[in-house]
Protein chains: 2
Amino acid sequence: MATLYTYAQSGNSYKVRLLAAFLGIDLDLKEIDFIDDEQHSPDFLAINPRGEVPTLVDGDRVFRDSASILTYLAGTHSKNTWWSDDVVEQAAIIDWLAFAASWVQFGVFTARAIVSFGGPYNGLGRESNETTLREATKRGITSLKILDQALDGQDWLALGRPTVGDIAVFVYVALAPMGDISLEPYAHVRAWIERIKGLPNFFPIEGLDDPNYRRANPLQK
Amino acid sequence: MATLYTYAQSGNSYKVRLLAAFLGIDLDLKEIDFIDDEQHSPDFLAINPRGEVPTLVDGDRVFRDSASILTYLAGTHSKNTWWSDDVVEQAAIIDWLAFAASWVQFGVFTARAIVSFGGPYNGLGRESNETTLREATKRGITSLKILDQALDGQDWLALGRPTVGDIAVFVYVALAPMGDISLEPYAHVRAWIERIKGLPNFFPIEGLDDPNYRRANPLQK
């Protein structure tokens, strides 16, 4: 059984746990204690020098980013469902993995990290939260407009079925209210979120079902 | 022939032009005038709502990020060289595409954008450059340490051959001096850069061969 290093509040870790639930994959979960900065401990850096979760170890294979872990698990466990054998479809999926890494991460992700966790824990560090929050909010709103337009007339982002591209974009978009960014204006995005929530074996992450949720933040002063 | 929307100083566009040169792919290049904000013109947003280059249009297929374009071109033009048919290898490559999107983009990329172009043009906007530069520099240096360790004892990042993962990480790493981040301490990184520069049909982007290069910046006050 592969080992997934994870952190309960990490949306990027949740992406992998969600795909594993959809595909019925058992993973040995090892929780990394972010409050204690365990992700930067020598033991963990020996596994993932990037100091990030999720990290997947499967025998002598190690994957250090949610995008590669999603691809690996989907591609090895279920042909042509969440990943694809066809390179044109692969590129279409990667187009949305890239959107998640750029527009979502440095947008709604960052706003949530600041508002609900006093972060950001990722990106450009912990300084200057006020300016960063303003920029992240602006970029988050633009990303939601782009998404809403992309989902106007189609059910899923990359292909005619849900793929890892949907999972990668979904998580922090659905958690946008935790960063004080409303999903109300984006009807197509909200319908797509409901479609994902309706998939068999779906389970939520903390905060997903409560727009007013704020985590008691042990790092915040 | 596919159309590539590009911008001369865009390292992300250069990644695609470089792969095309390596593979002997002819592309119809259309220059987007960033000085005139053409990437946000209605005509261009109709092609790529993200307002970014590179963008590739091949018949009715559109790819809106360098990662997906690299995958598409490599996968459709040359089996198992720069991309792979094998899902485990694909995931290993995507692990480095993700590193480029996260660690490189919001690190040495951002430092270059600020120091040499008065940006950033991407990421969290144009405010607060001093703080952003400090954070980007710190993150850039960490990314170079991670890379140097990864390249200790291996020639290429993902597999035993160069892949699109190498191209994706290479460009802004090699341009780090444009963001006042020295490559001097990272011998394995420098050797890897030389290996890429030595590949048949390699050509440089502006600033690549001159560590003191700064672009005369029309946007800077």
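Helices here are DSSP runs of H or I with at least four residues, and strands are E runs of at least two, numbered from the N terminus. Keep in mind that the model is predicted.

**Exercise 1. Work out the order of helices and strands in chain A, then look at its overall dimensions.**

Step 1: Count the elements. Chain A has seven helices and four strands.

Step 2: The pattern reads β-α-β-α-β-β-α-α-α-α-α.

Step 3: Check the dimensions. The radius of gyration of chain A is 17 Å, close to the 17 Å from the globule rule for 221 residues, so chain A is as compact as a globular protein of that length. Along the principal axes, its C-alpha trace spans about 50 × 45 × 25 Å.

**Exercise 2. Find which strands pair with β1(A), and in which sense.**

Step 1: Start with β2(A). Strand β1 (residues 3-6) of chain A runs parallel to strand β2 (residues 28-31) of chain A, and four bridges join them. One bridge to pick out on screen links Thr3(A) with Asp28(A).

Step 2: Between β1(A) and β2(A) the chain passes through helix α1 (residues 11-23) of chain A, giving a right-handed β-α-β crossover.

Step 3: Now try β3(A). Strand β3 (residues 55-58) of chain A pairs with β1(A) over three bridges, this time in the antiparallel sense. Thr3(A) turns up again here, with Val57(A) as its bridge partner in β3(A).

**Exercise 3. Decide how α4(B) and α6(B) are oriented to each other, and say what lines their contact.**

Step 1: Get the geometry. The axes of helix α4 (residues 87-117) of chain B and helix α6 (residues 164-174) of chain B come within 8 Å and cross at roughly 10°.

Step 2: Apply the cut-off. Angles under 35 degrees count as roughly parallel, and α4(B) and α6(B) are therefore roughly parallel to each other.

Step 3: List some of the residues. On α4(B) the contact includes Trp96(B), Phe99(B) and Arg112(B); on α6(B), Ala168(B) and Tyr172(B) are among those taking part.

Step 4: Sort by class. The contact has 13 nonpolar, one polar and one charged residues.

**Exercise 4. Describe the side of chain A that touches chain B.**

Step 1: Count both sides. 39 residues of chain A are in contact with 39 residues of chain B.

Step 2: Assign elements. β4 (61-63), α3 (66-77), α4 (87-117) and α5 (129-150) of chain A each supply at least two residues. The most come from α4(A), with 13 residues.

Technical notes
Residues numbered from 1 in each chain as written. Chains lettered and ligands numbered in written order. Predicted model: local features only at pLDDT ≥ 70, side-chain atom pairs only at ≥ 80, totals over all residues. Contact = placed C-beta atoms within 7 Å. Pairing = 2+ DSSP bridges. Right-handed = clockwise from strand over helix to strand, strands pointing away. Axes fitted to C-alpha atoms, helices over the stretch in contact; angles between N-to-C directions. Parallel < 35°, antiparallel > 145°, perpendicular 65-115°, else oblique. Nonpolar A, V, L, I, M, F, W, Y, C, P; charged D, E, K, R; others polar. Rg over C-alpha atoms; globule rule 2.2 N^0.38 Å.
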